[in-house]
Amino acid sequence: MTDQPFLTDVKTLRERARKHIEEGALTEGYGANRDNVVKILNEALATEIVCTLRYKSHYFRADGINANVAAQEFLEHADQEQQHADWLAERIVQLGGKPNFSPEGLLTRSHAEFVEGETLREMVVEDLVAERIAIDSYREIARYLGDQDPTSRRIIEEILAQEEEHADDMAGLLEGLDS
């Protein structure tokens with residue numbers, strides 16, 4: 001601990017809040033490179049869109065004796081991936097950026113691939129692989145953001161926690177299919 005006060009004096013906080021008011025939520029205390037963060041968040045947005053599409057494809061294409069349980073899991077995950085995309089898009093706008101929803105280059109921006117799989121087992125495997133990619137990617141993003149952008153970091157960490165749940169769900173489905 002230092003002898004510095006915990007909080008900047010109120011007068012200074014008030015003065016800083018009035019500067020660059022057009023920046024909205026981004027105050028002088030924002031420590032990250034905004035352009036880099038927007039680029040990273042747009043890559044995460046692309047990843048979530050690709051995952052939403054893959055899960056939707058699997059939901060409609062699931063077939064076989066275990067298809068109903070897997071299809072319901074695919075649908076739930078698709079809805080959650082879409083929610084993640086919405087959170088990311090909202091944060092990008094807060095940072096003064098533009099969420100990139102363009103289908104052009106979507107797979108290039110995405111960390112995860114869109115691999116459909118032909119059988120139910122292949123679908124589950126591809127979803128598990130994509131979740132594992134997202135987990136490692138989002139863990140690195142959270143570390144990169146650190147204390148420079150705690151709001152974006154918390155959003156990524158929340159998504160990361162759900163991606164870990166998704167991976168666990170897919171691993172459980174895979175185990176059930178293999179037994």
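Reader: Which polar contact joins the side chains of glutamate 163 and histidine 166?

Author: Start with the general idea: a polar contact is a pair of N or O atoms within 3.5 Å; within protein, one must be able to donate a hydrogen and the other to accept it, and residues adjacent in sequence count only if both atoms are side-chain atoms. Here the side chains of glutamate 163 and histidine 166 are joined by such a contact at 3.2 Å. Before we go on, keep in mind that this is a predicted model, where local features need pLDDT of at least 70, side-chain atom pairs count only at pLDDT 80 or more, and totals for chains, interfaces and linings use all residues. Residues are numbered from 1 along each chain as its sequence is written, and side-chain values use heavy atoms, with hydrogens and water left out.

Reader: Where is glutamate 163, and is it buried or exposed?

Author: Helices (H or I, at least four residues) and strands (E, at least two) are DSSP runs, numbered from the N terminus. Buried means under 20% relative accessible area, exposed means over 50%, and partly exposed is in between (1.4 Å probe, protein chains only). Glutamate 163 sits in helix 6, and with a relative accessible area of 0% it is buried. Histidine 166 is in helix 6 too, and at 1% relative accessible area histidine 166 is buried as well.

Reader: What does glutamate 163 touch?

Author: Contact means heavy atoms within 4.5 Å. Setting aside residues up to four places away in sequence, glutamate 163 touches Glu48, Glu81, His84, Glu131, Ala134, Ile135 and Tyr138. With neighbours within four places left out again, histidine 166 is in contact with Tyr55, His77, Gln80, Glu81, His84 and Glu131.

Reader: Which residues does UniProt place under "binding site"?

Author: A word on such records: UniProt positions are given in the numbering used here, feature names are shortened, and annotations may be inferred rather than shown by experiment. The unreviewed UniProt entry puts "binding site" at Glu48, His84, Glu131, Glu163 and His166. They span 119 residues in sequence, yet no two of their C-alpha atoms are more than 13.1 Å apart, so they gather at one spot. The unreviewed entry also places "domain: Ferritin-like diiron" at residues 31-179. That span is 77% helix and 0% strand, and its end C-alpha atoms lie 51 Å apart.

Reader: How many helices and strands does the protein chain have?

Author: It has six helices and zero strands, in the order α-α-α-α-α-α along the sequence. The protein chain comes out at 20 Å, well over the 16 Å that the rule gives for 179 residues, so it is more spread out than a compact globule. Along its principal axes, the C-alpha trace spans about 65 × 40 × 20 Å.

Reader: What span should helix 2 have?

Author: The expected span of a helix is 1.5 Å times one less than its number of residues. For the 28 residues of helix 2 (residues 34-61) that gives 40 Å, and the end C-alpha atoms are 40 Å apart, which agrees. At the start of helix 2, a side-chain oxygen of asparagine 33 comes to within 3.1 Å of the backbone nitrogen of aspartate 35.

Reader: Which residues have the most contacts inside the largest nonpolar core?

Author: A nonpolar core is a set of buried Ala, Val, Leu, Ile, Met, Phe, Trp, Tyr and Cys residues joined through side-chain atoms within 4.5 Å. The largest one has 42 residues, and those with the most contacts inside it are Phe74, Leu88, Tyr138 and Ile156. The elements giving two or more residues to this core are helix 2, helix 3 (67-94), helix 5 (120-145) and helix 6 (150-178). Beyond residues up to four places away in sequence, isoleucine 156 touches Leu41, Ala44, Leu88, Tyr138, Ile141, Ala142 and Leu145.

Reader: Where is serine 110?

Author: Serine 110 is in the loop between helix 4 (106-109) and helix 5. Its relative accessibility is 8%, so serine 110 counts as buried. A polar atom of its side chain lies 2.7 Å from the backbone oxygen of alanine 112.

Notes: Rg over C-alpha atoms; globule rule 2.2 N^0.38 Å.
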